[in-house]
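Please look over the sequence and the model shown below before reading on. The briefing that follows begins with a single residue and then turns to the whole chain.

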Amino acid sequence: MEINVNKDHSTLRRLKRLKKGWVMLKAGGILTVVLTAAVIIMWLCTEAELAVKIVLTVASLLTVIVILFLGTVNASVASRQVKLIDRVLLLTLWWLPPLNIILLRRLYKTAKREYIVESDRIELENARASSEICKTKYPVILVHGIFFRDWQIMNYWGRIPASLIRNGAVVYYGGQQSSRSVADSAQELRQTIMRVLAETGADKVNIIAHSKGGLDSRYAISRLGMDEHVATLTTINTPHKGCDMVDFLLEKLPDSFVQFIAGIYNRIFSKLGDTAPDFMAGVCDLSAIRARSYDAEMPDSPLVSYRSFMSVMTSPRSAGFPLNIGFRLINRLNGANDGLVWEESARHGSYTLINSAKKRGISHGDVIDLLRENIEGFDVREFYIDIVRRLKSEGY
């Protein structure tokens, strides 16, 4: 179903509160220095009565506490970038100097940067809204990877679809279940493609696929006759050559443990909406050994334009669990990777390595805005806008 995006007044209200928060934190910090100096001078250099000194000291302390408290509450509630660990530390250690000073300063910097980034983003998209730079000839289908579904409450693609739509794109979702074989997922994707064509009256679609979704898309194109209906396939961090980590883990882990995990997964996702989840089928189709036959099984169609992108992490600190563990393992097995896929595995068709955030790196989740994190040097929303803008310029 096509996504409809209205002007988000709640975002503007949130940013207004966020600004109020970081401004109050800044004011509280400045006032702390000024009043501390004034109180010290009062106690050392004036002959005021003791009661007066105590009252003025307490009043100064309460003023600073109230301003910093209100700033902390507004910034913490309104921010989407403050990490959970920082919230917990602030809540439990607010009374402990100098740690509270460090935490408040970090909150201030995070809130201020988020306000600037998001405000600039709104201004940019409002300024070019009439240009419809992402209004492609064919509708765009976003195809998710393994272990996720196309939920709207917690969108797999984060803030990306809304930004594409604001810039003129017509966006749909792939609609596959969370984990099935490539062949089965491709069948589900085929149904989505045909439905989109029927709803829009278009002759073809543009597919942008992440992770295993790229393999599902290739199968639908090559084996299910969708090459006549797909103009372009853009894969993002897709393991076209498979994941050696999958083979390594399946070999090392006891089969009973793997089956136990598979059983739990299938039961959970059956309750979450999947009609026939198959953990093992999905995982096994990501095997590097299995992927050796993919180019022969799913040859590229001359009717489709193929292009691929890949990002890499720079260290285990680039992402949390389990990608940090995956990074170490794949780095030992293959080399540069995003926490799940090694770089060379992602090459297919016209290839581009995303290396704009050289210090931070970009993980498998970052590249789909999974955590909605503003990464310095990499604007994930602009990255997808550039992809779709290029499709439009090429006549797709």
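Is glutamine 81 buried or exposed? Glutamine 81 is buried, with a relative accessible area of 14%, where buried means under 20% relative accessible area, exposed over 50% and partly exposed in between, with a 1.4 Å probe and protein chains only. This is a predicted model, in which local features need pLDDT of at least 70 and side-chain atom pairs count only at pLDDT 80 or more, while totals for chains, interfaces and linings use all residues. Residues are numbered from 1 along each chain as its sequence is written, and side-chain values use heavy atoms, with hydrogens and water left out.

**Surroundings of glutamine 81**

- Glutamine 81 lies in the loop between helix 2 and helix 3 (84-93), helices being DSSP runs of H or I with at least four residues and strands runs of E with at least two, numbered from the N terminus.
- A polar atom of the glutamine 81 side chain lies 2.5 Å from the backbone oxygen of arginine 372, and the side chain also reaches the backbone nitrogen of asparagine 374 at 2.7 Å.
- Apart from neighbours within four places in sequence, glutamine 81 is in contact with Thr110, Glu114, Arg159, Arg372, Glu373 and Asn374, contact meaning heavy atoms within 4.5 Å.

**Threonine 192**

- Threonine 192, which lies in helix 6 (residues 182-200), is buried, with a relative accessible area of 6%.
- The side chain of threonine 192 has a polar atom 2.5 Å from the backbone oxygen of glycine 174.
- When residues up to four places away in sequence are not counted, threonine 192 touches Ile141, Tyr173, Gly174 and Gly175.

**Helix 1**

- Helix 1 (residues 9-45) has 37 residues and reaches 53 Å from its first C-alpha to its last, close to the 54 Å expected at 1.5 Å a residue, the expected span being 1.5 Å times one less than the number of residues.
- Buried residues of helix 1 include Arg14, Leu15, Leu18, Trp22 and Leu25, and the buried residues of this helix pack against helix 2 (50-78) and helix 4 (99-128).

**The whole protein**

- The secondary structure comes to 14 helices and 6 strands, and the C-alpha trace spans about 90 × 55 × 40 Å along its principal axes.
- Of the 396 residues in the protein, 50% are buried.
- Among contacts between residues at least 6 apart in sequence, 79% join residues at least 24 apart.

Key. Polar contact = N/O pair within 3.5 Å; in protein donor to acceptor, adjacent residues only side chain to side chain.
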